[in-house]
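Colleague: I have a model open and would like to learn how to read it. Could you take me through some features, one at a time?

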Amino acid sequence: MQLDDYFEFLSPDEIRIKGHRVWIEHILYEYIYRAQTAEEIAQRFDTLTLEQVYAAILYYLHHKDKMIKYMADWMEYCRTSREEARKRDPAFYDKMRRLKEELQAEQRVGA
């Protein structure tokens with residue numbers, strides 16, 4: 001099996017794990033930014049095999065320059081999407097912020 005066989009290349013900025021609804025950026029985010037091991041990532045995405053997780057990491061390592069740009073573009077897309085969503089429905093995000101603060105306050109009291 002070739003490395004590319006683990007993925008569906010829907011476009012240059014859309015790489016999905018073949019047969020799953022998990023995108024390579026989800027695995028790489030955990031690996032790069034959260035310093036998760038392949039084993040921890042496989043537990044988090046329990047529909048994936050450890051082999052598929054390693055394939056995503058290996059793909060990243062083999063195409064590092066391209067994948068760094070891919071991840072930066074994806075993170076920028078996420079950032080702008082969040083900003084647009086907050087502008088469309090600020091009341092919802094205010095409510096979520098308040099609920100989060102209340103939950104954190106309850107956890108501090110219970111600790």
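Predicted model: local features only at pLDDT ≥ 70, side-chain atom pairs only at ≥ 80, totals over all residues.

Colleague: Start with the core. Which residues have the most contacts inside the largest nonpolar core?

Modeller: The general idea comes first. In soluble globular proteins, nonpolar side chains tend to be buried together. Here the largest nonpolar core holds 23 residues, and F7, I24, I27, V53 and M67 have the most contacts inside it. At least two core residues come from each of strand 2 (14-17), helix 1, helix 2 (38-44), helix 3 (50-62) and helix 4 (64-88). Helix 3 gives the largest share, six residues.

Colleague: Take M67. What does M67 touch, leaving out residues up to four places away in sequence?

Modeller: M67 touches I15, I24, L28, Y59 and Y60 on that count.

Colleague: Now helix 4. How far apart are its end C-alpha atoms?

Modeller: They are 36 Å apart. At 1.5 Å a residue, the 25 residues of helix 4 should span 36 Å, so the two values agree.

Colleague: Which residues of helix 4 are buried?

Modeller: An α-helix has 3.6 residues a turn, so residues three or four places apart point the same way. In helix 4 the buried residues are M67, Y70, M71, W74 and A85. They pack against strand 2, helix 1, helix 3 and helix 5 (90-110).

Colleague: On to charge. Where is E25, and which side chain of opposite charge is nearest to it?

Modeller: E25 sits in helix 1 (residues 24-32). E25 is buried but has no salt bridge. The nearest side chain of opposite charge is R16, 9.8 Å away. A salt bridge here needs the charged atoms within 4 Å.

Colleague: What is E25 in contact with, leaving aside neighbours within four places in sequence?

Modeller: E25 is in contact with I15, Y70, M71 and W74. Of these, Y70, M71 and W74 are among the buried residues of helix 4.

Colleague: How do I read aromatic rings?

Modeller: A pair of aromatic rings is described by the distance of the centres and the angle of the planes. This model has seven aromatic pairs. One of them is Y29 with Y33, a tilted pair with 5.3 Å centre to centre and 35° between the planes. Y29 is partly exposed, at 25% relative accessibility. Y33 is also partly exposed, at 43%.

Colleague: Why is the pair of Y29 and W74 called edge-to-face?

Modeller: Their planes stand at 70°, with the ring centres 6.0 Å apart, so the pair is edge-to-face. Y29 is in helix 1 and W74 in helix 4, so this pair ties together parts 45 residues apart in sequence. Elsewhere, F7, F9 and Y59 form one aromatic cluster.

Colleague: Last, the surface. Is A35 buried or exposed?

Modeller: A35 is exposed, with a relative accessible area of 62%. A35 lies in the loop between helix 1 and helix 2. Its phi is near 55°, a positive value in a residue other than glycine.

Colleague: And where is Q2?

Modeller: Q2 is in the segment before strand 1 (7-11). Q2 counts as exposed because its relative accessibility is 57%. The C-alpha atoms of Q2 and V109 are separated by 53 Å, and these residues are 107 apart along the chain.

How values were computed
Residues numbered from 1 in each chain as written. Heavy atoms only, no water. Helix = DSSP H or I, 4+ residues; strand = E, 2+ residues; numbered from the N terminus. Buried < 20%, exposed > 50% of the residue type's maximum accessible area, 1.4 Å probe, protein only. Lys, Arg positive; Asp, Glu negative; His and termini not counted. Contact = heavy atoms within 4.5 Å. Core = buried A, V, L, I, M, F, W, Y, C linked by side-chain atoms within 4.5 Å. Expected span 1.5 Å × (residues − 1). Phe/Tyr/Trp six-rings, centres within 6.5 Å; stacked < 30°, edge-to-face > 60°.
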